Amino acid sequence: MKIRPALTVLVGAVALALSGCNLVGGSPDAGNATGKVTVTVALVPDPPGASEFYRQQFDEFEKANPGIAVKVLENPSDQQLNAVELMFQQGNAPDVFRAQDDGMDRMAARGWVAPLDEFVTPDFLKRFPAGSMDPATSGLHRDGKLMSLPLVWGQWSTLRVFIYNEDLLKKSGFDGPPKTWSDLEKMATKVTTDGKGKYFGYAPTAAKAVGVEMLAGTAVPYSVPATGIDFRTGKPATSSPGLVEAVELNRRMQANKVMMPGWESWDGSRAFKEFAAGRLAMYPSAPWHVAEIRKLSPEIKMGVTGIPVPDAGRGAYQPISQSFSPLWSMSSKSEHKDEAWKVMDFLSSESFHKAYYEKFGTLTALESAWKAEAEKNPDQAAILKVAADGMRRVPSPKLATPGGTAVLAALAAKPDLKHTDAAFSSIIKNQPFAPAAAKLDQNLQAFLDQTTASLKAKGQQGSAKDLTFATWDPLKDYTPGG
């Protein structure tokens, strides 16, 4: 097998774009020098071990496609979009690039994403679960055109789970995980007290207290923590009692020194490392943390269950807004679209998804690649159960109307209007969140009014109506027109 150096992570977007260097060894024109077509792929190095994994996979691809050389450019997740954007601006665009969620829309709005429909065959579509590639619900289509392909996405991908250490809970007299927010606060407090600085009851997952949004998702419609808007009314709702109380719960635990110190600066991997080391008893998380914990501590007594709900009862379920989320896109500037499609076809193959599952233990868009094995794995069976019990289909303005897409795209460019920074400040400064939430709602309404007026002046659609689904019940599956 051909051995190449591990991929190198660049320290900045500007450096990546300016250098245009081949990060896997050799010269940038190595493919051309051997008569091969070079396909450049821009990606990010996550989960841990992804750099080596992708290189090994592309080596296998090159064996099966001797006329194509794959050159990989890699950048940290928080720099990826800016890096790719700069590459396009400087005329050095990658052929295939990773742009998740709204990132694909950001690139498509600049005319940089090529539709994939000319390459797609019926057999290709059969790889995915039945009906999941319908243009109206796939999440990968825009204006009926296929603009991206998924990887780690299915109904479980937006899922959030609650991870707990059975042994640490038992030491403090608890036979199972918390079911309500008051259970969580009581149990976390007791575990931290009993830990005496050696271990702690809870952490809100990572910096910015991302766990707040996970808790709030059981209290208020998903759109409230995600966008600040209640999609039942089309109006700002950051000050909804459920979101406010989720912040206040974390504020109390922080003020009472219940939460593990230092979480304020954690990156996305610190929580699972602390948990695997036995220093953290409970936290809410994306499901991929489960596999990472098992790698670090195979014998740990780990439980996986649903997120605790408010004491007054569940107010909402976790969302299934679309079948998939965009991840892999093809550059509209590519001079080698046929070869680029072969790479994308490979990235969407059952063999690649199976290898990804076996390496990272992560459920992917191709259920056929992992489902039989997952059902035998207690951790993954638990994840699938949480998904079945805790998720419901929800409305998506982005998929419903062009106006919804336009308004949400404008809002995505204004992260300061989301609850995140204000909630984090409230928690670490021990200040009530309600006043800040009310101010955010005022600012958000002003922004929506301005955006609506601007779109109207340009002759484009976009208003509160596009964000309103008056018949939607967050406790039931949403049916368009129902």
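Predicted model: local features only at pLDDT ≥ 70, side-chain atom pairs only at ≥ 80, totals over all residues.
Leaving aside neighbours within four places in sequence, Asp105 is in contact with Arg142 and Lys398.

**Asp105**
- You will find Asp105 in helix H5, which spans residues 102-108.
- Asp105 has 16% relative accessibility and therefore counts as buried, since the cut-off for buried is under 20%.

**Helices H3 and H14**
- Helix H3 (residues 50-64) and helix H14 (residues 337-347) have axes that come within 11 Å and cross at roughly 120 degrees.
- The two helices are therefore oblique to each other, and the crossing of H3 and H14 is right-handed.
- On the H3 side the contact is made by Tyr54, Gln57, Phe58 and Phe61, and on the H14 side by Lys342, Val343, Phe346 and Leu347.
- Sorted by class, the contact of H3 with H14 has 6 nonpolar, 1 polar and 1 charged residues.

**Nonpolar cores**
- The largest nonpolar core has 106 residues, and those touching the most other members are Val41, Tyr54, Phe58, Tyr202, Met282, Ile293 and Trp328.
- Another core, of 16 residues, lies apart from the largest one and includes Ile229, Leu408, Leu455 and Phe469.
- Tyr54 and Phe58 link two of these topics, as they belong to the H3 contact with H14 and to the largest core.

**Helix H4**
- In helix H4 (residues 77-89), the buried residues include Gln79, Gln80, Ala83, Val84, Glu85, Leu86, Met87 and Phe88.
- After H4 comes Gly91, with a positive phi near 75 degrees.

Definitions and conventions:
Residues numbered from 1 in each chain as written. Heavy atoms only, no water. Buried < 20%, exposed > 50% of the residue type's maximum accessible area, 1.4 Å probe, protein only. Helix = DSSP H or I, 4+ residues; strand = E, 2+ residues; numbered from the N terminus. Core = buried A, V, L, I, M, F, W, Y, C linked by side-chain atoms within 4.5 Å. Axes fitted to C-alpha atoms, helices over the stretch in contact; angles between N-to-C directions. Parallel < 35°, antiparallel > 145°, perpendicular 65-115°, else oblique. Left-handed = near helix turned anticlockwise from the far one by under 90°. Contact = heavy atoms within 4.5 Å. Nonpolar A, V, L, I, M, F, W, Y, C, P; charged D, E, K, R; others polar.
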